[in-house]
Amino acid sequence: VFIAAYPYMKRITWWPQAFLGITFNFGALMGFGAATHHLGWVPFILYVGCFFWTLGYDTIYAHQDKEDDALIGIKSTALLFGNRSKFWVSVFYILALTLITLASFVAGSDVISLALIILPAIHLMRQIMIWDIDDAERSLEIFKSNRNFGLLIFLSFAATGFSHHIGF
């Protein structure tokens with residue numbers, strides 16, 4: 001239902017990126033539940049963290065189309081936030097990193113894994129620093145670089161398993 005409804009959200013709300021975050025990140029709950037046969041705090045914290053990450057990167061993506069969207073009456077957080085988009089994406093990224101780190105901590109990550117979260121944090125900070133909200137090509141480039149953020153998060157989580165094997 002959420003997947004089918006998503007394309008219409010741009011006609012209904014200024015927050016289609018939030019609806020995408022709700023829909024797209026549901027896999028965190030489903031995957032955790034399927035793997036562990038229960039849901040605790042960890043997957044919910046991770047879900048909310050990923051929601052804010054999606055809200056941030058999809059706002060960046062929406063800046064590519066903001067002029068056309070405004071012309072045809074489609075809504076987005078890019079249009080809602082306007083020149084304050086960098087501020088709001090920064091807030092969303094801070095919330096995402098905080099919650100993802102908290103999920104890792106609650107799940108029992110070790111010091112190495114938690115320390116490695118600095119790498120994806122630097123990645124997101126760099127995105128904000130180089131982003132020109134009026135440059136569609138730069139917005140697409142930064143949006144696409146979020147695959148690297150996801151990889152860095154994965155590697156920081158995976159470091160827990162590796163560090164346990166080497167005696168930390």
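Buried here means under 20% relative accessible area, exposed means over 50%, and partly exposed covers what lies in between (1.4 Å probe, protein chains only). At 10% relative accessibility, Phe 81 therefore counts as buried.

The model you are looking at is predicted, so local features need pLDDT of at least 70 and side-chain atom pairs count only at pLDDT 80 or more, while totals for chains, interfaces and linings use all residues. Residues are numbered from 1 along each chain as its sequence is written, and side-chain values use heavy atoms, with hydrogens and water left out.

**Aromatic pairs**

Let's stay with the rings. Rings of Phe, Tyr and Trp (its six-membered ring) pair if their centres lie within 6.5 Å; planes under 30 degrees apart count as stacked, over 60 as edge-to-face and the rest as tilted.

| Pair | Centre to centre | Between the planes |
|---|---|---|
| Phe 52 and Phe 92 | 6.2 Å | 25° |
| Phe 81 and Trp 88 | 5.7 Å | 25° |

Phe 52 belongs to helix α5 and Phe 92 to helix α8, so their pair links parts of the chain 40 residues apart. Helices are DSSP runs (H or I, at least four residues), as are strands (E, at least two), numbered from the N terminus. Both Phe 52 and Phe 92 are buried, whereas Trp 88 is partly exposed, with a relative accessible area of 32%. Phe 52, Phe 81, Trp 88 and Phe 92 are among the members of one aromatic cluster, together with Trp 15, Phe 51 and Phe 87. Phe 87 also has the charged end of Arg 84 over its ring, 4.6 Å from the centre; that label requires NZ of Lys or CZ of Arg within 6 Å of the ring centre and within 35 degrees of the ring normal.

**The nonpolar core**

A nonpolar core is a set of buried Ala, Val, Leu, Ile, Met, Phe, Trp, Tyr and Cys residues joined through side-chain atoms within 4.5 Å. The largest one has 27 residues, and Phe 52, Tyr 93 and Phe 149 have the most contacts inside it. Two or more residues come from each of α5, α8, α10 (118-130) and α12 (146-165), with α5 giving the most, 9 residues. Leaving aside residues up to four places away in sequence, Phe 149 touches Trp 53, Leu 97, Ile 100, Pro 120, His 123 and Leu 124, where contact means heavy atoms within 4.5 Å.

**Helix α3**

Helix α3 (residues 16-24) is mostly covered, with 7 of its 9 residues buried. These buried residues pack against α1 (2-5), α2 (9-12), α4 (26-36), α5 (41-62) and α7 (77-81).
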